[in-house]
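Hi,

Here is the structure I promised to pass on.

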Amino acid sequence: MAGIVGYGAYVPRHRITVEEIAKIWSADAPSYKRGLQLRQKSVPAPDQDTVTMSVEAARNALKRAQIDPMKIGALYIGSESHPYAVKPSGTTVAEAIGATPEVHCADLEFACKAGSEGMFVALGLVRAGLIEYGMGIGADTSQGAPGDALEYSAAAGAAAFIFGKDNLVAEVEETYSYMTDTPDFWRREYQFYPEHAGRFTGEPAYFKHVLGCAKGIMKKAGATPKDFAYIVCHQPNGKFPQRVGKMLGFSKKQIEPGWLAPTLGNTYSGSSPMGLSAILDIAKPGDRILMVSYGSGAGSDGFIFKATDRLPEVRDLAPKTRELLDNNQIYLEYGTYAKFRGKIRRAREL
Amino acid sequence: MSSPKFWREIPQRYRMEAGKCSKCGKVFFPPRLVCSSCKGQDFETIRLAGTGRVATYTVIRVSATQFADEVPFAVGVIDMDEGVRLTSQIVDCDPESVKTGMPVKIEFRKVQEEGKAGILCYGYKCVPA
Ligand SMILES: [Zn+2]
């Protein structure tokens with residue numbers, strides 16, 4: 001049986017509140033907070049990007065896996081904010097954790113689904129016996145256009161998972177994928193901000209694919225919601241994952257431990273992977289976890305994990321996701337946030 | 001910083017690789033060819049754990065052009081737990097809040113950009129522990 005050997009997350013320390021963004025655009029903060037079920041979001045510092053956060057998450061995963069990084073045979077980073085248009089993120093991360101040169105790297109893209117994609121491929125190679133260990137990382141520092149609804153939620157964070165066959169913290173019992181061509185969210189080459197199809201991003205996009213994937217994987221596994229201790233779905237805001245969980249028949253108790261969006265925002269490729277990391281921080285041996293990602297364009301990857309006896313033995317070896325989220329927060333004013341995120345056009349470009 | 005110079009320093013900048021004298025155990029960062037205390041020439045490559053304390057620091061208010069957007073920022077001399085000293089920017093805090101003896105830890109960060117079209121140089125910086 002293959003599964004997760006080690007996992008780790010990273011959250012930048014800076015935050016901006018919904019009130020602070022709404023103030024600039026004369027928007028009604030209470031209605032945004034209610035509509036999105038979100039109070040604040042994480043913001044990367046100017047010296048942080050998908051590569052730096054991936055390194056920190058990968059180092060935390062290695063602390064829990066307790067393996068020689070040279071044995072990692074593949075490293076995949078899923079992101080829609082790779083720092084270079086041409087030059088891989090994966091080689092820098094592999095070099096920083098000491099996994100080079102005998103490692104296969106690829107940078108993956110599929111809107112917010114890219115992180116679970118890396119996990120899916122790394123797991124597949126381990127199952128096939130081609131590599132001993134494989135790492136899948138979901139990380140993003142995504143941007144919403146100033147004043148757009150996405151600006152309230154587009155956040156930054158990363159989660160990394162090492163897959164292998166021995167010393168598992170969670171077995172992978174089932175996988176499943178569900179995709180169609182759906183134009184709900186996109187960004188063309190050389191465009192700085194993405195475009196989205198407004199309300200079309202809901203029913204025919206997020207809900208159709210998350211529900212299709214969750215129902216498909218449960219059918220494949222012969223499982224029902226009561227067989228799971230936890231569910232984590234992609235979190236474009238606080239509202240969608242709550243609603244989709246309820247539509248599937250899951251309770252608040254099953255949904256809330258992995259529900260990070262209210263104080264984290266939407267970390268895109270990092271979203272459901274980071275939620276999974278928060279669940280692994282508290283799950284008991286034998287607990288089953290259903291994870292369903294979502295990426296626009298559009299599709300969902302599903303995983304069924306089962307926690308093992310080793311999970312409680314290693315979880316304290318690295319910072320827990322809720323600790324990273326709730327501690328050491330630095331709140332920004334909109335001006336500093338705009339400077340941090342390169343939203344201000346300068347006369348003198350360095 | 002030129003790309004080749006940056007590339008040569010990757011083991012230290014990315015992985016905190018240090019040299020530990022096989023004879024007397026003294027650690028050097030960056031590694032050296034000859035041990036300054038026992039003149040030994042055999043070294044084991046180790047990785048610094050990334051935790052230490054601020055030995056001394058200064059707050060930069062007028063910087064080189066490429067860091068002009070970051071002022072004011074703190075730069076510290078850090079006593080690492082392995083007994084070596086290194087110089088590092090201290091970020092994710094108000095520079096006025098930095099104190100001598102303050103515990104810090106290393107994080108992987110972008111250290112500089114070679115202009116808008118050049119390479120991104122990554123390496124270590126310190127944050128409050
Ligand atoms: Zn010596």
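Below is what turned up, starting with chain A and then moving on to the rings.

This is a predicted model, where local features need pLDDT of at least 70 and side-chain atom pairs count only at pLDDT 80 or more, while totals for chains, interfaces and linings use all residues. Residues are numbered from 1 along each chain as its sequence is written, chains are lettered from A and ligands numbered from 1 in the order in which they are written, and side-chain values use heavy atoms, with hydrogens and water left out.

Chain A has 13 helices and 14 strands (DSSP runs: H or I of at least four residues for helices, E of at least two for strands). Of its 350 residues, 63% are buried, meaning under 20% relative accessible area with a 1.4 Å probe and protein chains only; exposed is over 50%, and partly exposed is in between. The C-alpha trace of chain A spans about 55 × 45 × 40 Å along its principal axes.

Now the rings: the whole structure holds 18 aromatic pairs (ring centres of Phe, Tyr or Trp, the latter by its six-membered ring, within 6.5 Å; planes under 30 degrees apart are stacked, over 60 edge-to-face, the rest tilted). A:F192 and A:Y193 are edge-to-face, because their planes stand at 80° with the centres 4.7 Å apart. B:F28 and B:F43 are edge-to-face too, with planes at 80° and centres 5.9 Å apart. B:F28 is buried at 7%, whereas B:F43 is partly exposed at 24%. Back in chain A, ring pairs join A:Y206, A:F207, A:F240 and A:Y294 into a cluster.

Cheers
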